[in-house]
Amino acid sequence: MSILLNVVFLASAFAHMAVDTLNGQRSVLFTYLSGPMGLSNADLGLLGTLYILVASVLQLLFGYLTDRIGPRWMIAGGVLWIGGFYSLGVLTPGTAGLALIVVAGIGSAAVHPAGTMQATLIGREKFAGRETTAAAFFFLFGQMGFFLGPLLAGRILDTSGQTGLLMLTVFTLPIGVYAAWALRNTAPSVQAEEREEEPTQESAKRGVIVLVAFALLAAFQSWASQNMTTFLPKYLSDLGQSPTQYGFLAAIYMGGSAIGNVVGGNLADRYGKRRVAALALTLGSIPLAVISQIGWSHWLYVLIPLAGLFTGPTHTIVVVLAQRLIPGGKAWASGLILSFLFSSGAVGVLLSGYMADLWGFPLMFLFTTGLVLAAAVLTVSLPKT
């Protein structure tokens, strides 16, 4: 697609991939350290929650700043920040190293709202209004990072230990410099889109229902996704798999999600966001339900990417709808919805960690299936267009 030849889009997309490569290896690294540091499932949930909260709540601030000063230094600076602090984290032993990795999440908070705004603007203004497709390609690069992160981290941890992860953090430097150059002519976007008419009392009530359903849908989808990315490596580790193995399986979940995102974004522009989200989430509950019950099996090589394939498209659809529904600048709207997605997922992960400790991973993953089905039901309340 010609959008991949757009220099500004590519700079934003590569920055997204670099950030999410480091975000994606987080769970594998925490699982690797859980043995020597004596971390429980609840501890892993807490670490995941802290990281996600840092990387999400601050998106509100960075989205606000992006609308006023432009995306250039949000994107370039965010990439350099996460690379620098992640490097310090893997070089520092003990809880101090874990704290530095959590602080690295600030860089992710800077990149996401600015990059999402740029992608949807380019799709809307330069590619015949195909905003969902453009956003899907932007998120594809992030999910490629989430695919590469655990895949490479598992192998590196097996062969070189945690300091070997510097082989991945070093790439943030050239990508950050490239982003600063490519985005030099981008401008701030402060103004909200104008409304055609004042809402009536009836339409206002309808709007409240839509927003509540939308928020619950987004929260449930994010919670389910974060459960998979946070706990799948630990679950597979408990089943006797090596870092290379559980890193690979975590990677193919994100690989499936990446493919689903692009296909689903394209279909959403053609056939409607609500219809595609409902069908994808319903289908996604099937492999999740089987994963929760079968334990270790070679069928996981099929079921895990299928779960990602069908749950992935909703993320892009939710973000693009939010940019339409939430008043304010586009980066602010992007930051708000992404912050909400990550924060709700983070709180959910904390609860899921306690659930896994009390009742085991099979019940926790079965609960995750229920979250996806609930999100599918809630799509009925979304606007058709």
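How much space lies in the second largest cavity? The second largest cavity holds about 90 Å³ of space. The structure is a predicted model, in which local features require pLDDT of at least 70 and side-chain atom pairs count only at pLDDT 80 or more, whereas totals for chains, interfaces and linings use all residues. Residues are numbered from 1 along each chain as its sequence is written, and side-chain values use heavy atoms, with hydrogens and water left out.

A search of the whole structure finds four cavities of 30 Å³ or more. A cavity is a set of points, on a 1 Å grid over the protein atoms alone, where a 1.4 Å probe fits but cannot get out; lining residues have an atom within 4 Å of a point. Grid points are joined across faces, edges and corners, and a volume is the space filled by probe spheres set on the points.

The largest cavity has a volume of about 460 Å³. Its lining comprises 27 residues, of which F146, S225, Q226, H315 and F342 are the closest to the centre. Two or more lining residues are given by each of α1 (7–24), α3 (41–57), α6 (94–126), α7 (131–160), α10 (201–238), α11 (243–271) and α15 (330–359); helices here are DSSP runs (H or I, at least four residues), numbered from the N terminus. The largest share, five residues, comes from α10. By class, the lining has nine nonpolar, 16 polar and two charged residues, where Ala, Val, Leu, Ile, Met, Phe, Trp, Tyr, Cys and Pro count as nonpolar, Asp, Glu, Lys and Arg as charged, and the others, Gly among them, as polar.

The second largest cavity is lined by N23, G24, R26, S27, V28, F146, P150, T229, P233, A250, Y253 and M254.

Two helix pairs were examined for packing. The axes of α11 and α12 (residues 273–294) come within 7 Å and cross at roughly 135°; axes are lines fitted to C-alpha atoms, for helices over the stretch in contact, and angles run from 0 to 180 degrees between N-to-C directions. The two helices α11 and α12 are therefore oblique to each other, given that angles under 35 degrees count as roughly parallel, over 145 as roughly antiparallel, 65 to 115 as roughly perpendicular and the rest as oblique. In α11, G264, L267, A268, D269 and Y271 meet K273, R275 and V276 of α12, contact meaning heavy atoms within 4.5 Å. These residues divide into four nonpolar, one polar and three charged.

Helices α3 and α4 (residues 59–69) pack at an angle of about 20°, with their axes 5 Å apart, and are therefore roughly parallel to each other. A55, S56 and V57 of α3 make the contact with Q59, L60 and L61 of α4. By class, this contact has four nonpolar, two polar and no charged residues.

Note on methods. 1 Å grid on protein atoms, 1.4 Å probe; cavity = no way out; pocket = protein on both sides within 12 Å on 5 of 7 lines; lining within 4 Å.
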